[in-house]
Amino acid sequence: MVRSIIHSRLLLAAALLPLTLNVGGAEAQTASRQNVISASERSQGAKAHPQLLEQFGGAYSGRQAAYVTQVGRRIAVQSGIADSQSAYTVTLLNSNLMNAFAIPGGYVYVTRQLLATMNDEAELAFVLGHEVAHVAARHSKKRNTQSTLATIGSVLLGAVTGSSQIGNLAGQAGQYLVLGYSRNQEYQADRLGVRYLAQAGYDPFAAPDMLAGLGAQTTLEARLQGKQAEDSTPSWASTHPLTSDRVTRARALAQKTPAAQRLRNRDTFLAAIDGMLIDDDPRQGIVDGRTFRHPDLRIGFDAPQGYTMTNSPDAVTIEGRDGQAQFGSGALGVSLASHIDGVFKAIAGQAQIRYSEPQPFRAGSFDAMTSSARANTKSGQVDVTVTAFRATSSLAYHFVTITRAGSGLGPFGPMLGSFRRLTSEELASIRARRLDVVTVKASDTVQTLSARMAYPDYRLERFLALNGLAANERLQSGSKVKIVVYGNAR
């Protein structure tokens, strides 16, 4: 989180229009081998591309990015949208969210966090092919609900408040396109993705393997957050529903798909991602359990017990049973009071929201102000509180908290009290996590290798999910597996 929440609203909808392809019957037909990407679509994609990079932490550079581009172009050209691999811009995003998507104009994206969960090149090809299939089949035009710009924040805040006004806050906090694909559209994209795999020489069974791995990751994420599996899904799954029978369907489809080759390229894939950053990029701040720390800004705070934090380039979102909050920054303006006014206006959008006279106070080494408003929502009234801290003569930090009416700050009082400048000891303790591909020795077990994982808890579960292994699986000497370690990420 390094940029302003207030001034990060993007207008991507016009640039995310569906391609015009011939689609016949229930199944999309692969386009003929001609360039069907129009100049207008290329222009729209080129306009959206830098905005998407900004919202997803920028492009991840280096050999991993070059490798993803190579694989992405190889699979994307199978869709027939363009007749040349060079027509595609394939980007590895520096994001800790598990996501992948494609937009018209030949732009295809995957985040490093989703890449880290894969176990061979064919799985990467399926994910990227699946995304291209959504574009080729014109799903963005056919889906049941309109395309909307949304964010982590809108999903979380809207779930509690039911308020489009309060949800507008999310427009400031790391927007991405929520496509809301239907179950049938997912099945169709899976079918096309499997077809693309076979055409490109990959093993079609990479499709069910990848979907099963995402299911395991969903279960793990639920455990980490203390939720039921259906209440916690990776970002990719939130826009691409992981129904219970998708793996079964994909496996049956793979069995019926003829393939001249069945490449998996596991060793090549693992060699490519070895050393890649995983989880948070320290330059965007680090979430460790309930603590957020940003080494460049030299600030930190602690979330309430039992609450989860999601870090994005624009904001930190805090979610729990009795309320939700976001932390961000913005131009100070004339005063802290004017900054608070700007935040409330951003929340309300076109609506009016009346808030109390901002009250000054001292928070550690910060001058601060706070103000509250009562807002009516579909789920009843809520308290909305904006608390701002003067960072410099031109910059302010702020928390926006939303709780049930009458709760005030509720569980977030201690969190605001924990907002602080980091000590030299805290700064020194901030370390990046990276992937380390290791060769299994004869004496290694899942227990001994998982003990090396750079996490304080659930080491075995994280190791198994990261490598797509079962709890009772025996490791083969000489094979390669991924572990997460502390160290330099680049």
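**Close-up views of a predicted model**

**View 1. Two neighbouring strands run antiparallel and are joined by five bridges: strand 11 (residues 316-320) and strand 12 (residues 323-331).** Keep in mind for every view here that the model is predicted. If you're new to sheets, strands in a sheet pair through backbone hydrogen bonds, either parallel or antiparallel.

View 2

**View 3. Strand 13 and strand 14 make a hairpin, with two residues between them.** These strands run antiparallel, and five bridges join them. Ala-363 stands opposite Phe-366 in strand 14. In the turn itself sits Gly-364, with a positive phi of about 60°.

**View 4. Here's Ala-331, which has its place in strand 12.** Is Ala-331 buried, exposed or partly exposed? Its relative accessible area is 44%, so Ala-331 is partly exposed. Leaving aside residues up to four places away in sequence, Ala-331 touches His-339 and Ser-394. Now find Tyr-397: Ala-331 and Tyr-397 are 66 residues apart in sequence, but their C-alpha atoms are 8.7 Å apart in space.

**View 5. Nine rings gather here: Phe-292, Phe-301, Phe-327, Phe-361, Phe-366, Phe-389, Tyr-397, Phe-399 and Phe-419 form one aromatic cluster.** The structure as a whole holds 19 aromatic pairs. Take Phe-389 and Phe-399: their ring centres are 6.1 Å apart and their planes are at 80°, so this pair is edge-to-face. Phe-389 lies in strand 15 and Phe-399 in strand 16, so the pair ties together parts that are 10 residues apart in sequence. Phe-389 is buried, at a relative accessible area of 0%, and Phe-399 counts as buried at 0% too. Phe-389 also pairs with Phe-419, this time tilted, at 4.5 Å centre to centre and 45° between the planes. That pair links distant parts of the chain, 30 residues apart, since Phe-419 sits in the loop between helix 14 (413-417) and strand 17 (420-421). Phe-419 has 4% relative accessibility, so it counts as buried.

**View 6. Two helices pack together: helix 8 (residues 183-199) and helix 11 (residues 246-256), at an angle of about 30°.** Their axes are 10 Å apart, and the crossing is right-handed. From helix 8, the residues that make the contact are Glu-186, Tyr-187, Asp-190, Arg-191 and Val-194. They meet Arg-246, Arg-249, Leu-253 and Ala-254 in helix 11. Sort the contact residues by type and you get four nonpolar, no polar and five charged.

**View 7. Helix 17 (residues 459-467) has buried residues: Arg-462, Phe-463, Leu-464, Ala-465, Leu-466 and Asn-467.** What covers them? Among the covering elements are helix 3 (112-117), helix 9 (206-225), strand 18 (433-439) and strand 19 (480-486). Just after helix 17 comes Gly-468, with a positive phi of about 65°.

Methods:
Residues are numbered from 1 along each chain as its sequence is written. This is a predicted model: local features need pLDDT of at least 70, side-chain atom pairs count only at pLDDT 80 or more; totals for chains, interfaces and linings use all residues. Side-chain values use heavy atoms; hydrogens and water are left out. Two strands pair if DSSP finds at least two bridges between them. Helices (H or I, at least four residues) and strands (E, at least two) are DSSP runs, numbered from the N terminus. Buried means under 20% relative accessible area, exposed over 50%, partly exposed in between (1.4 Å probe, protein chains only). Contact means heavy atoms within 4.5 Å. Axes are lines fitted to C-alpha atoms, for helices over the stretch in contact, and angles run from 0 to 180 degrees between N-to-C directions. A crossing is left-handed if the near helix is turned anticlockwise from the far one by less than a right angle, and right-handed if clockwise. Ala, Val, Leu, Ile, Met, Phe, Trp, Tyr, Cys and Pro count as nonpolar, Asp, Glu, Lys and Arg as charged, and the others, Gly among them, as polar. Rings of Phe, Tyr and Trp (its six-membered ring) pair if their centres lie within 6.5 Å; planes under 30 degrees apart count as stacked, over 60 as edge-to-face and the rest as tilted.
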